[in-house]
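Work through the exercises below with the sequence and the structure at hand. Each task is followed by a solution in steps.

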Amino acid sequence: VFYQLEAAAAGLGAGPLGSIPAISPGFAKSRIEAEVRARRVSWESCRHHEVTLSEIYGQLAESLDLGPDLIQQLMGLELDLELAHATRNHRIAELYDLCLDQGKSVGFVSDIYHDRDLIASLLAKAGYRDYEFLVVSSESRATKASGLLYARLLREWRIEPSRWLHVGDNLLSDVGKAKKAGLRALHYPKCLDQLGKHPILASRLIGRQADQYPAADLLPKSH
């Protein structure tokens with residue numbers, strides 16, 4: 001997403017911002033570094049385990065000397081790209097449908113700097129609209145990776161940990177930390193990791209995502 005964002009913002013991909021001289025070819029790297037700084041500042045100043053997108057772009061504005069209007073446009077562009085990438089994982093969808101058919105309570109928990117509204121939109125686009133709760137770390141400032149988000153969920157829902165099944169693609173935060181909190185956990189490897197093990201596809205995947213999926217083809221025609 002960051003490399004597509006860089007291409008669109010610099011006018012390389014006919015993005016809605018057109019050509020912006022202030023955005024250099026190193027914008028993707030600057031965006032990544034801004035998140036690292038935002039996390040460090042958030043932890044050192046408030047002991048927060050999570051940041052928000054606004055905090056990340058605040059760091060980006062400072063490092064690149066960008067004005068508030070341009071920062072808002074770039075944030076909007078990043079959100080558009082995130083939505084453009086949303087798709088339905090059919091194997092997870094089968095598990096989701098099975099749970100609903102059996103009357104199970106379903107919820108989503110995400111370690112992410114995006115807000116609840118965006119995550120809800122991503123889920124809706126992928127066909128996940130029926131769930132009891134949606135928790136994002138950017139609001140609680142507690143994360144699955146720290147284990148604090150699981151503790152908060154168990155306090156709020158007052159359900160025995162052994163009755164929860166958490167499914168996720170991160171072995172540490174989705175499996176290890178969930179099990180440490182007493183939940184049952186199921187690891188579902190990331191699709192990219194699975195494709196990367198394919199003898200032919202692996203060589204084609206490396207460094208080509210941005211080329212194969214230009215931002216201009218993903219973004220809505222009007223912004």
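The model is predicted.

**Exercise 1. The whole protein**

Task: State how many helices and strands the protein has, and what share of its residues counts as buried.

Solution. Step 1: the protein has 13 helices and 4 strands. Step 2: of its 223 residues, 38% count as buried. Step 3: the accessible surface comes to about 13000 Å², and carbon and sulfur atoms hold 53% of that surface. Step 4: among contacts with a separation of 6 or more, 58% are between residues 24 or more positions apart.

**Exercise 2. Helix 1 and helix 4**

Task: Describe how helix 1 and helix 4 cross, and list the residues that meet.

Solution. Step 1: two packed helices are described by the angle and the distance between their axes. Step 2: for helix 1 (residues 2–9) and helix 4 (residues 68–85), the axes come within 10 Å and the crossing angle is roughly 130 degrees. Step 3: angles under 35 degrees count as roughly parallel, those over 145 as roughly antiparallel, and 65 to 115 as roughly perpendicular, with the rest oblique. Helix 1 and helix 4 are therefore oblique to each other. Step 4: their crossing is right-handed. Step 5: helix 1 brings Phe2, Gln4, Leu5, Ala8 and Ala9 to the contact, and helix 4 brings Leu74, Leu77, Glu78, Leu81 and His85. By class, the contact of helix 1 with helix 4 has 7 nonpolar, 2 polar and 1 charged residues.

**Exercise 3. Helix 4 and helix 6**

Task: Decide whether helix 4 is roughly parallel or roughly antiparallel to helix 6, and sort the contact residues by class.

Solution. Step 1: the axes of helix 4 and helix 6 (residues 116–125) come within 9 Å and cross at roughly 25 degrees. Step 2: an angle under 35 degrees counts as roughly parallel, so helix 4 is roughly parallel to helix 6. Step 3: the crossing of this pair is right-handed. Step 4: Leu79, Glu82, Leu83 and Ala84 of helix 4 make the contact with Leu118, Ser121, Leu122 and Lys125 of helix 6. Step 5: the residues of this contact divide into 5 nonpolar, 1 polar and 2 charged.

**Exercise 4. Glutamate 50 and two arginines**

Task: Locate glutamate 50, state whether glutamate 50 is buried or exposed, and give the phi values of arginine 47 and arginine 141.

Solution. Step 1: glutamate 50 is in the loop between helix 2 and helix 3. Step 2: buried means under 20% relative accessible area; glutamate 50, at 2%, therefore counts as buried. Step 3: leaving out residues up to four places away in sequence, glutamate 50 touches Arg39, Ser42, Asp111, Ile112, Tyr113, Ser137, Ser138, Arg141 and Thr143. Step 4: glutamate 50 and tyrosine 113 are 63 residues apart in sequence, with 6.8 Å from C-alpha to C-alpha. Step 5: arginine 47 lies in the loop between helix 2 (27–46) and helix 3 (53–64), and its phi is positive, near 60 degrees. Step 6: arginine 141 lies in the loop between helix 7 (137–140) and helix 8 (148–157). Arginine 141 is not a glycine, yet has a positive phi of about 65 degrees. At 19% relative accessibility, arginine 141 counts as buried.

Conventions:
Residues are numbered from 1 along each chain as its sequence is written. This is a predicted model: local features need pLDDT of at least 70, side-chain atom pairs count only at pLDDT 80 or more; totals for chains, interfaces and linings use all residues. Side-chain values use heavy atoms; hydrogens and water are left out. Axes are lines fitted to C-alpha atoms, for helices over the stretch in contact, and angles run from 0 to 180 degrees between N-to-C directions. A crossing is left-handed if the near helix is turned anticlockwise from the far one by less than a right angle, and right-handed if clockwise. Contact means heavy atoms within 4.5 Å. Ala, Val, Leu, Ile, Met, Phe, Trp, Tyr, Cys and Pro count as nonpolar, Asp, Glu, Lys and Arg as charged, and the others, Gly among them, as polar. Buried means under 20% relative accessible area, exposed over 50%, partly exposed in between (1.4 Å probe, protein chains only). Accessible areas come from the Shrake-Rupley method with a 1.4 Å probe; for residues, only the protein chains shown count as cover.
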